[in-house]
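Please keep the sequence and the model in view while reading the numbered points.

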Amino acid sequence: MRYNNLEHAEFFHQVSDEGLADLLPVAKKVAKAIGAPYYNVLQPNETEGLGVGWPTQNVSKDELAALAKDIVSKM
């Protein structure tokens, strides 16, 4: 996969329309690759009161690398 408009920003509104055009298709591919039937793209902002938390797990770097490889292979 190659994405021409890769940008980094703190907030979505700081990303160009062209950058967002690449971002959402990737989010869709990740959701499909991990088999998520229901998902949403969130931008938590704890200073404004939207704090989103998920249970955490302790995993090794090797486990994370294997998970990333599996997800990428499905994209």
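**Notes on the predicted model**

1. Helix α1 comprises 17 residues (residues 17-33), which at 1.5 Å a residue should span 24 Å; the C-alpha atoms at its ends lie 25 Å apart, in agreement with that expectation. The expected span is taken as 1.5 Å times one less than the number of residues in the helix. Helices are DSSP runs of H or I of at least four residues, strands are runs of E of at least two, and both are numbered from the N terminus.

2. Residues are numbered from 1 along each chain as its sequence is written, and side-chain values use heavy atoms, with hydrogens and water left out.

3. In the protein chain there are two helices and zero strands. Of its 75 residues, 8% are buried, where buried means under 20% relative accessible area, exposed means over 50%, and partly exposed lies in between (1.4 Å probe, protein chains only). The chain exposes about 6700 Å², of which carbon and sulfur atoms supply 55%; accessible areas come from the Shrake-Rupley method with a 1.4 Å probe, and for residues only the protein chains shown count as cover.

4. Which residues of α1 are buried? They are Gly19, Asp22, Ala31 and Ala33. These residues cover an arc of only 165 degrees around the axis, and therefore lie on the same side of α1; the arc is that of the directions from the helix axis to the C-beta atoms. Asp17 and Lys32, on the other side of α1, are exposed. The cover over the buried residues of α1 includes α2 (61-74). After α1 comes Gly35, with a positive phi near 70 degrees.

5. Ile71 belongs to helix α2 and, with a relative accessibility of 18%, counts as buried. Leaving aside residues up to four places away in sequence, Ile71 touches Ala33 and Ile34, a contact being heavy atoms within 4.5 Å. Ile71 and Val30 are 41 residues apart along the chain, yet their C-alpha atoms are separated by 7.1 Å. Among contacts in the chain between residues at least 6 apart in sequence, 42% join residues at least 24 apart.

6. Side chains of opposite charge can pair when their charged atoms come close. The structure holds one salt bridge, defined as a side-chain nitrogen of Lys or Arg within 4 Å of a carboxyl oxygen of Asp or Glu. Lys74 forms this bridge with Asp70, and their closest N and O atoms are 3.1 Å apart. Both residues lie in helix α2, four residues apart, about one turn of the helix. Asp70 is partly exposed, at 34% relative accessible area.

7. Lys29, in helix α1, is likewise partly exposed, with a relative accessible area of 34%. Lys29 and Lys74 are 45 residues apart in sequence, and their C-alpha atoms are 8.4 Å apart in space.

8. Phe12, Leu23, Leu24 and Val41 make a nonpolar surface patch of about 320 Å². Patches are made of residues with over 30% relative accessible area and no salt bridge; like charges are joined within 9 Å, and nonpolar side chains (Val, Leu, Ile, Met, Phe, Trp, Tyr) within 5 Å. Leu24 is in helix α1 and is partly exposed, with a relative accessible area of 47%.

Technical notes. Predicted model: local features only at pLDDT ≥ 70, side-chain atom pairs only at ≥ 80, totals over all residues.
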